[in-house]
Amino acid sequence: MTPAPLHRPAADHTFGPLEFQLVLLRRMADHQPGLVEDALRELGVGRAEMREANRRWQAMLRSPRARGAGARYRSVLGPPETTGERRVGDLTFEAATWRIPLWPDLRFEVLSAPGGAVWNEWLVRAPGAPPAEPRTVAELRPWSCTVDEVARAFAPARPMEGTAPTRWRLAFTAPDASGTPREHVAEFTWGLFQRLVDPVP
C-alpha cells in the first residue's frame with residue numbers, strides 16, 4: 001500500500017476521507033488485524049481513532065436527520081471522480097466512484113437506483129489499473145482481489161449471503177494443491193477479499 005497523504009485529525013475535525021478509510025478498516029479488522037495495524041500506521045492514527053470514526057459513522061447512519069446514502073458519500077468524500085450509468089440485468093443504476101488513498105489501484109463505487117436509493121457500495125478495481133487475475137486458490141491473498149475479480153477467475157462462482165452488512169461471500173470450485181477439485185468460499189468486506197472459509201457451510 002502507498003502511504004496516504006492524510007494527517008491525524010484534530011478533535012473537531014469534520015468527518016472526511018480519513019475517517020471514512022477508518023470505517024472501512026474497522027470492518028476489515030475482524031479478519032485481517034495485522035494488515036489493518038499496518039494501514040493505521042500509514043495513516044498516522046491508532047485503534048482508538050478507528051473506533052471513534054466507526055462510532056460517528058454509525059451515529060450518522062442512525063440519525064433521524066440522516067441524508068440519503070448518495071448525498072452522505074458526497075458530503076464525506078467530496079465530488080465523485082467519475083459518474084455514469086451501469087446496467088445490471090434489466091436495471092440501470094448511476095455509478096459514482098471515489099479515490100481511496102490507502103488503495104490507489106481501487107475506487108470506492110456506489111450504485112444508486114433512480115430516486116437515489118443505494119443498491120451497492122464497495123471497492124472495485126480502478127480503470128486502467130492492472131487487474132488481479134488469480135489462477136489458483138494459493139494466489140488469493142488478503143486485500144489483493146475484488147468480488148468481481150474472484151468471480152471471473154473462478155467462474156461460475158455462486159453468490160452467498162454475507163455474515164454482516166458490507167460483507168459478501170462467493171462459493172466456487174477450484175483445484176487444491178494436489179489438483180483435486182474442491183469447494184471454497186471467499187469472504188469479502190466492502191468488496192475486498194479477506195479470507196477463504198472452508199469447507200462450504
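This is a predicted model: local features need pLDDT of at least 70, side-chain atom pairs count only at pLDDT 80 or more; totals for chains, interfaces and linings use all residues.
Residues are numbered from 1 along each chain as its sequence is written, and side-chain values use heavy atoms, with hydrogens and water left out.

**Entry: the strands**

I took helices (H or I, at least four residues) and strands (E, at least two) as DSSP runs numbered from the N terminus, and I called two strands paired if DSSP finds at least two bridges between them. Strand β1 (residues 82-88) runs antiparallel to strand β2 (residues 91-99) over seven bridges, with E85 opposite E94 in β2. I then followed β2 into β3, an antiparallel pairing over six bridges, where a hairpin of six residues makes the join and R99 stands opposite R107 in β3. From β3 to β4 I again found antiparallel pairing, over seven bridges, with R125 in β4 as the bridge partner of L106; five residues lie between these two strands, and G115 in the turn has a positive phi of about 100°.

I next asked how many residues of β3 are buried, where buried means under 20% relative accessible area, exposed over 50% and partly exposed in between (1.4 Å probe, protein chains only). Seven of the seven are buried, so β3 is largely enclosed by the rest of the structure. Both of its faces are covered, with L106, F108, V110 and S112 on one side and R107, E109 and L111 on the other.

**Entry: the cores**

For a nonpolar core I used a set of buried Ala, Val, Leu, Ile, Met, Phe, Trp, Tyr and Cys residues joined through side-chain atoms within 4.5 Å. The largest has 32 residues, of which F20, L25, M28, Y73, W103 and F108 touch the most other members. Its largest share, seven residues, comes from α1. Taking contact as heavy atoms within 4.5 Å, I listed the partners of L25 beyond its neighbours within four places in sequence, and these are V36, A39, L40, L43, M50, L102, W103 and W143.

**Entry: pocket and cavity**

On a 1 Å grid over the protein atoms alone, I counted as a cavity a set of points where a 1.4 Å probe fits but cannot get out, and as a pocket an open set with protein on both sides within 12 Å along at least five of seven lines; lining residues have an atom within 4 Å of a point. Points are joined across faces, edges and corners, and a volume is the space filled by probe spheres set on them.

The largest pocket has a volume of about 200 Å³, and of its 13 lining residues W57, L61, P165, T166 and W190 lie nearest the centre. The largest share of that lining, four residues, comes from α3.

Which residues line the largest cavity? I found G70, R74, E94, A96, W98, V110 and S112, around a space of about 30 Å³, and β2 gives the largest share of this lining, three residues.
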